[in-house]
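Dear colleague,

I am passing on the structure we talked about, together with a written account of what I found when going through it. Please look at it first and then read on.

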Amino acid sequence: MNKKRLTFFTTIGDIFLRDIFVELKPDYNLKTFVGGEEKEFRQLLHDTDIAWVEWCNDLAGALTLPPKMSEKYVVRLHSFEMFTPLPNKVDWSKIDKLIFVNQICRDYTLSKFKNIPKEITTVIPNGVNVDRFVIPKDKPYNKKVVFVGYINYKKGPQLLLQVFRKIWEFDHDFTFHIAGAYQDERFQLYMQNMIKKFPFKIKFDGWVQDMPTYLKDKDFIVSSSIFESFQYSLAEGMAQGLVPICHSWIGAEQFYPRDYIYDTPEEAVEIIERFQKTLHKTLIREKLRKHIVDNFSYRKQIKQIKEMLNDLYTK
């Protein structure tokens, strides 16, 4: 039996598609378009059964320019798109399925863009490849706090520095690490200026490719974001046994245990203090990993994606 043809289209990068691609490859004839000429884009559209556009951006708008060239069109919206006019560039009458990665993004988008039919929408949460992240055997307690991700306005770098400072005031033995890259020169100047005033050092490790190895000796992972649709770095850290210190961005409690969500830097310190006092650190690490394995494993995500694709094929 011939495999169905599925093509992924993206112009922002395929980082969120890689595990999906690997898992779907045995069952589908897969291709990818990661930017390129319009002629190639149109040819791939013509030669596929289902076109999946990652991110609801200009490419999603181009997808719906007449005529419709594939049997089915799928768009996945992450979060930044709903704060822009981009969804208005899409002819939603030609889209067969719009995927959201959480319910809050779905509700907000539908309330803002009235031309999107609710019946074409579905929610498929992100999933972590938990096989890549394991808790090291006999992991010591190193008092290392890490932030992972781009440094931009969404990630709340001002709050991050204040959390770091409060933790250091609580216990001078803590060390602080950042794995990421600046996306705004203003924040780079701000952070460099602030850090010079701190009585402790923050180690910048740049953009890290091998995250499982990097996280092995870390104990806590901090989110200081003002908004996220999931925050992979936090979930991956938990899968490796790191204790999350998660800012209370809207919807955070849908993904992370309430005991690890803070409103103020002082509450962030309380999370650390509780863990530092416990005699059951190994058990807590295992419970944190289990939370991700049980709720946000990529296998669960893939199962939902396969069900959604099969449903589209049969319609």
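This is a predicted model: local features need pLDDT of at least 70, side-chain atom pairs count only at pLDDT 80 or more; totals for chains, interfaces and linings use all residues.

Which residue of strand 11 does Ser223 stand opposite? The residue facing Ser223 is Cys246 in strand 11.

**The chain as a whole**

The chain has 11 helices and 12 strands, and 54% of its 315 residues count as buried. For a chain of 315 residues, a compact globule would have a radius of gyration near 20 Å, and the 21 Å found for this chain agrees with that. Taken along the principal axes, the C-alpha atoms fill a box of roughly 65 × 40 × 35 Å. The accessible surface comes to about 15,100 Å², with 52% of it belonging to carbon and sulfur atoms. Among the contacts with a separation of 6 or more, 70% are made by residues 24 or more positions apart.

Strand 11 (residues 243–247) has 5 of its 5 residues buried, so it is largely enclosed by the rest of the structure. Both of its faces are covered, with Val243, Ile245 and His247 buried on one side and Pro244 and Cys246 buried on the other. Strand 10 (residues 220–223) runs parallel to strand 11 and is joined to it by 4 bridges, and in this pairing Phe220 stands opposite Val243.

**Two residues with positive phi**

Gln231, in the loop between strand 10 and helix 8, has a positive phi of about 70° although it is not a glycine. Gln231 has a relative accessible area of 5%, under the 20% cut-off, and is therefore counted as buried. Lys143, in the loop between strand 6 and strand 7 (144–148), likewise has a positive phi, near 60°. The relative accessible area of Lys143 is 19%, and since the cut-off is under 20%, Lys143 is also classed as buried.

**Helix 4**

What do the buried residues of helix 4 pack against? Helix 4 (residues 103–112) has Ile104, Cys105, Arg106, Thr109 and Leu110 as its buried residues, and these pack against strand 4 (72–77), strand 5 (97–100) and strand 6 (121–123). At the start of helix 4, a side-chain oxygen of Asn102 comes to within 3.1 Å of the backbone nitrogen of Ile104, and Ile104 is itself one of the buried residues of the helix.

With best wishes

Definitions and conventions
Residues are numbered from 1 along each chain as its sequence is written. Side-chain values use heavy atoms; hydrogens and water are left out. Buried means under 20% relative accessible area, exposed over 50%, partly exposed in between (1.4 Å probe, protein chains only). Contact means heavy atoms within 4.5 Å. A polar contact is a pair of N or O atoms within 3.5 Å; within protein, one must be able to donate a hydrogen and the other to accept it, and residues adjacent in sequence count only if both atoms are side-chain atoms. Two strands pair if DSSP finds at least two bridges between them. The radius of gyration is taken over C-alpha atoms; the globule rule is 2.2 Å times the number of residues to the power 0.38. Accessible areas come from the Shrake-Rupley method with a 1.4 Å probe; for residues, only the protein chains shown count as cover.
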